[in-house]
Amino acid sequence: MPRPGRLISFVNDRAINTLANAAGKRVAVLDYDPVQAEMVAQIGATPVNSDIVSAPNKFNNGVVDVLAAPIVAYEVLELYKGMRPNGGIINYPLAQITMQLIGRADKFPNEVAQLVREEFFNGYDRIMARLAQEQAKVPGHWWIEIPDRDKREYEMMMQDARLTLRGKGYYSADMLTLERKVRCKLDPNRGECVNPVE
């Protein structure tokens, strides 16, 4: 099972379990994020501009074949409807989502910002427990396992995409280096850890 909190890919066809099989498929991308569309196009898939509200409906109605979403979307947004009868959930994180809370310094004192940070930190375990509960609601037959050799292919493809986007100014080189160090600390056997280029 994936770690709760990761963004996963819901697919309407279990055969979409390799990069080669994703070519030509329609993938929902957020219309305000050109990086997503570029990465999807790099694997030969077709990006379909969507927003957070329309993307699940597009998946459930067959307009898109692939939707990246958090596991809580399975039940809340009824994504099992879009997976029927032959779809599933790829058990490998191919995307990430972050949340940023931005406050105007002239409106909020530093103490308030610190209280917000502390509340998020203190609530982390509670949030992760809730995500684990949501994940437990997903029947086992939906999970699609990816062979290790294909995971390595995904990792190389994602690295190539990050390097391309770094070159175009979308990604910070310092942030990519930090993220690689975190990935390598968690899994030193990754290919990028032997010959780091980020």
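Glutamate 78 sits in the loop between helix 4 (73-76) and helix 5. This is a predicted model, and in it Glutamate 78 has a positive phi of about 55°, even though it isn't a glycine.

Proline 85 is in the loop between helix 5 (80-83) and strand 5 (88-95). The bond that leads from arginine 84 to proline 85 is cis, with omega near -5°. Here are the two backbone spots together:

| Spot | Angle | Value |
|---|---|---|
| Glutamate 78 | phi | about 55° |
| Arginine 84 to proline 85 | omega | near -5° |

Now for a pair of helices. Helix 2 (residues 34-42) and helix 8 (residues 148-167) have axes that come within 10 Å and cross at roughly 135°. That angle is why helix 2 counts as oblique to helix 8. Their crossing is right-handed. Helix 2 brings Val35, Glu38, Met39 and Gln42 to the contact, while helix 8 brings Met158, Ala161, Thr164 and Leu165. Sort the residues of this contact by type and you get five nonpolar, two polar and one charged.

How big is the volume of the second largest pocket? That volume is about 290 Å³. The second largest pocket is lined by 13 residues, and the closest to its centre are Leu101, Gly103, Ala113, Val116 and Arg117. By type, its lining splits into nine nonpolar, two polar and two charged residues.

Methods:
Residues are numbered from 1 along each chain as its sequence is written. This is a predicted model: local features need pLDDT of at least 70, side-chain atom pairs count only at pLDDT 80 or more; totals for chains, interfaces and linings use all residues. Side-chain values use heavy atoms; hydrogens and water are left out. Axes are lines fitted to C-alpha atoms, for helices over the stretch in contact, and angles run from 0 to 180 degrees between N-to-C directions. Helices (H or I, at least four residues) and strands (E, at least two) are DSSP runs, numbered from the N terminus. Angles under 35 degrees count as roughly parallel, over 145 as roughly antiparallel, 65 to 115 as roughly perpendicular and the rest as oblique. A crossing is left-handed if the near helix is turned anticlockwise from the far one by less than a right angle, and right-handed if clockwise. Contact means heavy atoms within 4.5 Å. Ala, Val, Leu, Ile, Met, Phe, Trp, Tyr, Cys and Pro count as nonpolar, Asp, Glu, Lys and Arg as charged, and the others, Gly among them, as polar. On a 1 Å grid over the protein atoms alone, a cavity is a set of points where a 1.4 Å probe fits but cannot get out, and a pocket is an open set with protein on both sides within 12 Å along at least five of seven lines; lining residues have an atom within 4 Å of a point. Grid points are joined across faces, edges and corners, and a volume is the space filled by probe spheres set on the points.
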